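Good morning, and thank you for coming.

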Amino acid sequence: MPSGYIKKFLLIMKMTSFMLMLAFMQVSAAVFSQKITYVNKDATLKQVFKQINKQTGYNIFWSPKSINSNHKIDAAFKNASIDQVLVTCLKDFQLTYLIEGKSVIIKDAPVVNTPNVTDEAAADNTITGTVKNEKGEGLAGVTIASMGDKKSGTLTDNNGRFVLDVKDGSEIKISSIGYKSQTITVTAGKKVYNIILVEDVTSAETVVVTAYGRKQLKEAIVGAVTTVKPGVLKIPASNLTNALAGQVAGVIAYTPSGQPGQDNAKFFIRGVTTFGYKQDPLILIDNVELTSNDLARLNVDDIESFSVLKDASATALYGARGGNGVILVKTKEGKAGKAQINVRIENSTSQSVKTLELSDPITYMRLFNEATRTRYPLNPIPYSENKIINTQATLAHAPGSNEFVYPAVDWMNMLFKKRAPTQRGNISLQGGGGVARYYVAGSFSNDNGILRTDIRNNNNNNVNYKNYQLRSNVNINITDKTELIVRLSGTFNDYNGPLTSDGSLQTQLYNLASHTSPVDFPAYYPADSANLHTQHILFGNSPAASGTDGASKYINPYAQLLSGHQRYSESRMLAQLELNQNLSFITQGLNFHAIMSTNRYAYFRSYLNYNPYYYTATNYDKASNTYQLQWINNLSTGNNVAREYLNYTPLESNNSTFMYLQGVLDYAHTFGKDHNISAALIGTRQQTVNSSVNSGNTTTLFTSLPYRNQTVAGRATYSFKSRYYLEFNFGYNGSERFSANHRQGFFPTIGGSWIISDEKFWGDLYNVFDRFKLRASYGLVGNDAISDRRFFYLSDVNLNGGNPASFGTNNAYYRPGVSINNYENDDVTWEVSKQTNLGMEFTVLKKINVIAEVYKNNKYNILQDRASIPTTMGLESGISANIGKAESKGIDISLDGKQNIGKSFSLAFRGNFTYSENKFTQYEAPDYPEAYRQQVGQPINRQYGYIAERLFVDDNEAANSPSQVFSTGGFAPKGGDIKYRDLNGDGKIDAADQTFIGNPTLPQMVYGFGLSASYKNFDLSGFFQGQAKVSFFIDPARTSPFIKSPDSYYTGNTQLLKAYADDHWSEDHQNLFALYPRLGPDGAVIENNRQNSNWWLRDGSFMRLKSVELGYTLPSRIAKSLGVKNTRIYFNGLNLLTWSPFKLWDPELGGNGFAYPIQKVFNVGINVNL
Amino acid sequence: MKSYYKYLFMTVLAISCVSCKKYLDVTPANIGTIDYAFRNRNEAENYLFSCYATLQQLVYPQNNPGFTTSSEIIFPNDLTDFQGIDPTGFNLIRGTQNTQNPGLNFWDGANGGQATFRAIRRCNTMIENINKPVDLSADEKKRWIAEAKFLKAYYHFVLFRLYGAIPITDVNLPINSSTEDVKVKRDPVDDVVNYMVKLLDEAAPDLPVVIQNQAKELGRITKPIALAVKAQILATAASPLFNGNPDYISIKNKDGKALFPSAYDATKWDKAAAAALEAIKICEANGVKLHTFIPTANVGNLSDSLKTVLNLQTTITEKWDVNTEIVWALNPVFPTQSYCMPRLTAKAAASPSFQGTFAVPISEQELFYTNHGVPINEDKTWDYANRYDLRTSQDADRFYIGNGYETVKAHFDREPRFYADIAFDGGIWFGNGLTNQESLYYVQGRGSGAFAGPTDNIRINITGYWPKKLVNYLTVYDDGYTIADYRMPMIRLAGLYLLYAETLNEQGKPAAEVAPWLDKVRARAGLPGIVQAWSTYSKNPTKYSSKDGLRQIIHQESRIELAFESQPGWDLRRWKELQGALSKPLQGWNIFESSPINYYRPRNLVIPVFNVRNYLWPITNNDLIVNGNLVQNLNW
């Protein structure tokens, strides 16, 4: 029910505003709670620190080397600030302190002579231990650092064990990202320390990867950056983009097809914010711009971090290309230690979420007859009663029936299997020592489609998609100040799939099956006596009544399925060299980071097919139930000559090279104790060169020229007391597309954040909101991908074609003429987005993290075709200008939380919510007199159509209503056809009566929420995902029964959807609101009903049980006996349940109901750590 | 070591810094722009051909309003497959014309119409730049300019016939014109006519009188063409549709300027007559004369009746370089012969590609004269009332109708042009591989079992009449096909004679002065002269002696002589007679029946919708919104 979604939305809105209100109320109630009150004449420092911790929540770290915690002071604090207390405590020592986040670190004061007050007698001690999580699993890579001695530290091995030489009494800190750090004091004599780290829900110390791979503490972020734990993107599908919907706050995503290799989701950061050319985000993998296809193929196990940069402040550095948001992925790098091997193997079966329900062949024939009778009472009906009775006999397998003469074919079942298997596996190896660390991974996936194959056939036509990847990241410490990183990776895809006529890879077989009559011919005939030695399959068909291209009337979908396949092969090899240079020899805090990256892409495609032999049954003798086969396509010339052998057709190939250079100069410095500044200067250059040999698209001189971008970007930040942050960014970008005076664009942003919970006045509020941060940003971001046209400042003239003429007796003198593809236009420039973002991050009750953001984007200078140029100008191409404007605004909320119950049970929750709405704020369109036709103020992607009132009661009413003739054949509507509203009241229905209807076709709201639980060795998680505020149209032109599809390829008559058969207007059943209007046997006569109108408008919202996963981790003793460290077996499913108001097909396919359905996947996997 | 780092650092920084702007300047200097189209003669000639390109696209009959809305041809609107024919133009007589998305929209270049303003812009670009090529001789330059001017005038004429008042586009508006400048206004009809005539007058002296290099240049514009087009333009301007048409008085620009002349101006006919005579003279002086059949090698002896029929049947289908009558034809070959031809053989009937869909309604068939050269309802000797009764053909009829075949009386005793232009059930078909006059094919069109009958809802002729005139007798449809191509004349001498006769009559000249021009055409058709025919056979023997009567005769003569050549459709419009021609249902025979008695029953096939407003094309609503200075045509 749609109202359910609205309710849900309202509820979330309410919750958000309630929490906001709560937050501000608490602020005023708890202003003084950062004060410390403690009176104890003989207090040890330890006691004082404990009190500070208790009363303010600050953890205080100190080194026993420099401070004796048993040192006594006279504590008499009344409402003293933490600073006062600390100054008092440390007055006897040469020490100072630093407050970082919620931590107070006590350290040496900047004094030259080191006082020797510590306990020199402490003896060296070699301690060992293990670090485990709450589940008892050993944690690898945990940092064990001695607080006092910077040189002393280690990492845990794969089993969580460590060995460390420390001095007795020293404090060691055990820390690992995602866990709360612990500090323990090494006591003399105790050699073994077993530490259990608790998962840190507040994740205040999470490192966030931002622009140009900069790692920042989450607290310091001022822009809108969403980080996603790679783990949540792990779904049982070989396509990462399918996991984005509902998992990432701020990303609107949906998947329009389920065909392996063709199932990339469409995704937009904060929805579509422009009606210009490029609407999708920039994708950077290890800092290098790649395509959504590369993202889709990325192996989740290889991902170290996944960030989505959403606002101006976060994306400004990408200036030119960041206007639609940025997705930043970093792959894993090796960690020092013993080699770790991680193996994952998965095996899944997929099946369609929902299949189309078609009516039975008998109903098909009866209603086809009805359609003919009701439109052309004088014409003969297409199916005789004799044919219907005999087909009934076929269906009943009655004695004497003949399924080949009177076929009743279930094409869907004929072409498609119920299930298809998929295998995936990957292995990674990492380790290394002080000098070099490596991460090497390989993965493999093998996806199969659900198309049937036939053993008689000589080629495999099913969809098969294989993906191989190899990745190697090696970090080398050349010196202690110089690190070299070499990344080599390759992605290789091999596709095999059915032929298509339109040059695409999306299979047309669903369309074909639903546009082929079930009763006109069988899929194939068994060999009769005359064909016993025939080698080919005897495909069925009807003899052509007409058609210039062959003698068979239709396309036999089964023949089309079996007659061939296409394959493509795609590979990308990437080599990347990075250099990290510490420039402390110039000045402290200066670093240089450089990247040189190149990749080479190669693609080629080909068709292999034979031409089917078509037969028809003739001379049927009912008495003996025999017939003869007649070969139909008995042609000698032409494209459709039957051939048993395979024919090879090479198709397009494409090679491209990519080159990227980046240099970053980074500086960070701390002044005094509270002032931190940092600055960075970034220069990049990027070039792509394509050499495509296309069969379909034309390759021109323009497309062969290199695509280039050049950027100088800079950043300056200032923070005070790690509580106030200010950041300034700019991108000064150059693009080769524009004329010299518009080639460069300057895009500055400013942002700031305030950790309000660190303020003293936060006080008691700390008990509820132990972290509360506000941030805001404002700025400009540019976009140069504003058109598929390359150089606006040059006219694009085809001097050799387009307007040909020929002369002479036999037209022997031919000249191709000149045509103008584009006029030069010096003024075209950058599309700019002015973005404002307000964010709020807080943690409630130390358990629930919430990030909520509101934003508003104003896109301007959107390139748009001038609508004000009349055709009398005689221009051969449109003229475009940067005149469009669009506005979008919305909110993203994400929250997560975790609760441990007892020792062995833990529960985690996370949810995401994205709402984005947009509208045209300036759009050049003809100045329609009708206000309801104005584009301005309408959402982007909202559709335009007629308002359907109901069906006409009878022919008489239709004749006396405002005229609505759409058919070029001049057929006026009749009773049972759709009646449209005459919006402008001029007595006729035409384009001036169209207006904007429904919601946009892109979801405005995408949400997801999930729960996971673990109990001892079991874990269970489930994730729901949904979209709302979205509309789509059933395509009446392609679903109307009995008529030909407007796509010329589908020669057959459209099948009858069961829903239409059950609910349509007929003379006997004159339902004015029937699902389908009056039937008709050809397209022209029902043209009225095929118009875009809200009759066909449907609510596209849905909610899915997107995934469920049940896992079992082998107890460590069993694992140990098997010689592995850790083994988890899991079972999961994808797209398991769907709730939607639309029932005919999967609503995520939108109006495209005859496409390869979204797949439901069941998967079993095992993950082994060695 | 330290300095090493510094150097490295400096180098990398230098690379990554934006120092040279050149990096982004990726386009080579000599990218082809429009200037390159006029660098030399070779390129400029290519551009000249671009100016011709739109003209050559006018070859498709289904996109020619003169063909599709002339009441001569109907095309079904419910075919299962239109076989590549866009039915939009044919459907216009069904009342489908609209202002939202007009059919055959030559203003915007949509729905079968050519983008005529683009064509004009190309001509202007040609004229603007023609001085650039350095290696273009002065003579050639003059000729090319003249051709571009002719084309510009003709494209204006294409628009003028459809819209009347149109914006004159003498020079191109610059690309960066202000939004106000581009909002052009329609210019009054008289201004448009004067402008077109001025261009043609400028062009004519510089055009060649005949094409010398036929192999390479046949189809290029000549002086006779320019003068003939001028006569057409002036006659159109003098005709009732544009000459003081009371319907259009109200059409004014927003500033109040009247777009159509409010009063009839008889002197316009004088100009038209003078232009027509000038055109005829220059044509005749250069060897243009009425065409007669040139037998091919294997054509044997022919009876006189067949000879006359072939004189007529080959008038437009004869190879254009030997056809003496053609003043102007477009280079592309006539593209739709297979739609005009009945299937004559068993193999052709079994083939999927021979559609024969262009159907001639009964009314067009009845337009043709009796064998006495007068209308069938005027001929005293011809049984008009019982024309749908059956009659069996005799031996004497064998050159017209299959011997012994039963068909309607209406098919007997007709003028040779009837047999030359129309194929009907029982009608003899000279050609399709058979040229022995004693064993020829004849059309068998009754019921779906007959070769030419309706096979399915794709290969169907819904009236039972085919425009035989549009098929070359050498074209063979049998097992496979051989199409003998021809070029459809735009202007031929007979048309000029008829046009001149019309202008003379409108000037009020006596029948004795007018008739000889008609009789030239009639003589080739094997018919007696006007005076003799009417005096002897007509129920109205003095019809020719009044201006009105002679006008009727001239109009009918034109419609017969030029049938299916698109000209009658345009003529009916300028005469304001199309409404009358489309006032009755268009009929055909009961084609699904196989017995003559059931077959020969007229069925109403199309009830045409044609109002006064349909004489002119509507301007697309969107154009009116984009350009507020444009006004719509009457009643749209």
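In chain A of this predicted model, five strands make up an open sheet, ordered S15-S20-S21-S18-S19, and their pairing is mixed. Strands and helices here are DSSP runs numbered from the N terminus, with at least two residues (E) for a strand and at least four (H or I) for a helix. Two strands pair if DSSP finds at least two bridges between them. Strands S15 (225-228) and S19 (288-290) of chain A stand at the edges with a single partner strand each, so one side of each has no neighbour in the sheet. Strand S18 (residues 282-285) of chain A pairs with S19(A) in the antiparallel sense over three bridges. The bridge partner of A:Leu284 in S19(A) is A:Glu289.

A word on conventions. Residues are numbered from 1 along each chain as its sequence is written, and chains are lettered from A and ligands numbered from 1 in the order in which they are written. Because the model is predicted, local features need pLDDT of at least 70 and side-chain atom pairs count only at pLDDT 80 or more, while totals for chains, interfaces and linings use all residues; side-chain values use heavy atoms, leaving out hydrogens and water.

Next, helix H6 (residues 361-375) of chain A. Of its 15 residues, 12 are buried, that is, under 20% relative accessible area with a 1.4 Å probe, protein chains only. Among them are A:Tyr364, A:Leu367 and A:Phe368. At the start of H6(A), a side-chain oxygen of A:Asp360 comes to within 3.1 Å of the backbone nitrogen of A:Ile362.

How many of the 16 residues of H2(B) are buried? The number is 13, so H2(B) is largely enclosed by the rest of the structure. At its N-terminal end, B:Asn40 caps H2(B), with a side-chain oxygen 3.1 Å from the backbone nitrogen of B:Asn42.

Finally, the aromatic rings. Rings of Phe, Tyr and Trp (its six-membered ring) pair if their centres lie within 6.5 Å; planes under 30 degrees apart count as stacked, over 60 as edge-to-face and the rest as tilted. By this rule there are 90 aromatic pairs over all chains. One of these, B:Trp107 with B:Tyr163, is edge-to-face, at 4.9 Å centre to centre and 70 degrees between the planes. The two residues are 56 residues apart in the chain. B:Trp107 counts as buried at 2% relative accessibility, and B:Tyr163 is buried at 0%.

Note on methods
Buried < 20%, exposed > 50% of the residue type's maximum accessible area, 1.4 Å probe, protein only. Polar contact = N/O pair within 3.5 Å; in protein donor to acceptor, adjacent residues only side chain to side chain.
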